[in-house]
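Take a look at the model first, then read on.

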Amino acid sequence: MIGYVFNTKAPMASYYFLLLVLVGATTASGAELCADFYSCTCPNLLPIVKKGVAKAIQKEPRMGASLLRLHFHDCFVNGCDASILLDDTSNFIGEQTAAANNQSARGFNVINDIKASVEKECPRVVSCADILALSARDSVVYLGGPSWEVGLGRRDSTTASRSDANNSIPGPFLSLTALINNFANQGLSVTDLVALSGAHTIGLAECKNFRAHIYNDSNVDPSYRKFLQSKCPRSGNDKTLEPLDHQTPIHFDNLYFQNLVSKKALLHSDQELFNGSSTDNLVRKYATNAAAFFEDFAKGMLKMSNIKPLTGSQGQIRINCGKVN
Ligand code: HEM
Ligand SMILES: *[C@@H]1O[C@H](CO)[C@@H](O)[C@H](O)[C@H]1NC(C)=O
Ligand SMILES: *[C@@H]1O[C@H](CO)[C@@H](O)[C@H](O)[C@H]1NC(C)=O
Ligand SMILES: *[C@@H]1O[C@H](CO)[C@@H](O)[C@H](O)[C@H]1NC(C)=O
Ligand SMILES: *[C@@H]1O[C@H](CO)[C@@H](O)[C@H](O)[C@H]1NC(C)=O
């Protein structure tokens with residue numbers, strides 16, 4: 001059983017709720033992740049990761065978003081097993097050059113640096129997959145979002161799959177139906193889809209990923225469309241970056257959902273969540289109730305970070321996250 005702590009960051013006071021989440025902790029194989037997995041073998045793990053994440057975000061505020069996305073892109077490809085962290089070599093092609101990751105996934109050096117600090121203190125016991133899951137949580141907390149208790153005990157894969165990454169990670173041109181199916185394939189609900197998409201309250205996206213939305217979709221606010229078209233022409237500037245939440249891109253809040261209600265989503269896939277369908281009500285709820293968003297986001301993260309972990313004697317504890325031992 002795994003609990004999570006949820007912090008609304010309300011201006012007058014902080015409210016802490018300890019909720020017991022009964023679902024999501026048990027894995028397909030029956031093995032369970034456990035929050036105190038390293039309490040004897042690496043008691044300082046949590047502070048080491050937290051410090052490493054804080055240092056990286058202080059150096060570059062976007063890094064919190066990048067680490068959160070890295071964990072998502074790990075979990076959606078055959079489970080949270082650090083497969084995304086394996087570097088390509090002359091005889092191995094991994095996930096880093098898959099369509100959604102190529103020249104876009106980032107934060108590998110931050111994870112490698114944190115792993116090196118962890119190895120110094122507790123050699124060969126902590127997995128890269130666990131460090132990535134903790135880093136995603138710590139990033140969200142650092143940027144003002146909710147907290148949750150991360151179950152630990154994941155092990156690292158000895159392989160990766162570019163084709164599985166191409167097929168499993170959702171792209172920005174998908175319809176609502178396709179997004180719902182994509183998440184269902186991972187055991188995630190429609191509520192998880194909408195809440196977890198709220199991760200786009202932080203971070204940036206490239207012009208090539210939102211061009212079709214701002215030139216071809218009917219559901220874009222006119223002044224926002226005009227602004228974006230000035231940054232992202234019909235051709236060229238493919239790599240120009242714009243914030244996914246144009247209001248507060250380095251603060252984890254619910255303004256992403258307010259943007260959707262005002263037709264100011266950056267990605268087609270984001271605006272799909274609010275375009276006259278069954279998910280509109282949930283978007284409206286999160287837009288007006290940050291606490292409800294934080295609670296569902298934390299629950300969704302707990303489910304996502306429990307997708308098919310390797311446990312027990314499966315896989316390995318990589319010494320260097322970029323390569324198999
Ligand atoms: C619902 C389906 C989703 C789609 C189609 C999608 C698509 C995208 C795209 C296209 C980008 C911009 C990449 C670039 O241009 O380099 C992006 C960025 C991002 N995504 Fe998603 N995403 C989805 C769900 C999620 C989820 C579930 C999370 C985490 C829980 C997440 C976290 C992020 C973050 C934080 C960024 C910004 C990364 C940065 O600035 O480095 N996304 N996403
Ligand atoms: C990755 O992106 C680079 C730079 O845009 C490009 O040259 C390369 O062909 C891409 N690789 C794949 C596998 O798409
Ligand atoms: C995955 O997508 C990349 C980039 O679009 C492409 O170059 C590659 O051929 C695809 N690889 C596989 C194995 O599907
Ligand atoms: C917009 O749609 C037209 C017609 O389907 C297509 O030819 C064009 O490539 C699209 N534009 C963008 C930027 O995707
Ligand atoms: C959104 O809804 C409108 C009105 O129903 C529809 O015309 C449109 O195709 C939908 N999707 C987009 C991306 O505009």
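## Conventions

This is a predicted model, in which local features need pLDDT of at least 70 and side-chain atom pairs count only at pLDDT 80 or more, while totals for chains, interfaces and linings use all residues. Residues are numbered from 1 along each chain as its sequence is written, chains are lettered from A and ligands numbered from 1 in the order in which they are written, and side-chain values use heavy atoms, leaving out hydrogens and water.

## The disulfides

A disulfide is a covalent bond between the sulfur atoms of two cysteines. Taking sulfur atoms within 2.5 Å as the cut-off, a search of the whole structure turns up four of them. With the bonded cysteines numbered in sequence order, they pair as 1-4, 2-3, 5-8 and 6-7.

Let's start with C75 and C80, whose sulfur atoms sit 2.1 Å apart. Their link is right-handed, with 115 degrees about the S-S bond. C75 is buried at 0% relative accessible area, and C80 is buried at 0% too; here buried means under 20%, exposed over 50% and partly exposed in between, using a 1.4 Å probe and protein chains only.

## Links between distant parts

C128 and C321 are bonded with their sulfur atoms 2.2 Å apart. This pair ties together distant parts of the chain, 193 residues apart: C128 belongs to helix α4 (residues 128–142), and C321 to the segment after α13 (290–304). Helices here are DSSP runs (H or I, at least four residues), as are strands (E, at least two), numbered from the N terminus. The C128–C321 link is left-handed, at -95 degrees. C128 is buried at 0%, and C321 is buried at 1%.

C207 joins C232, S to S 2.0 Å. Again distant parts are linked, 25 residues apart, with C207 in helix α8 (207–216) and C232 in the loop between α9 (222–231) and β4 (241–243). The C207–C232 link is right-handed, with 75 degrees about the S-S bond.

C40 is exposed at 73% relative accessible area, whereas C34 is partly exposed at 29%.

## Around ligand 2

Which residues surround ligand 2? They are T97, N102, Q103 and R162. A polar side-chain atom of N102 lies 2.4 Å from an oxygen atom of ligand 2.

Terms used. A residue is near a molecule or strand if one of its heavy atoms lies within 4 Å of it. A polar contact is a pair of N or O atoms within 3.5 Å; within protein, one must be able to donate a hydrogen and the other to accept it, and residues adjacent in sequence count only if both atoms are side-chain atoms.
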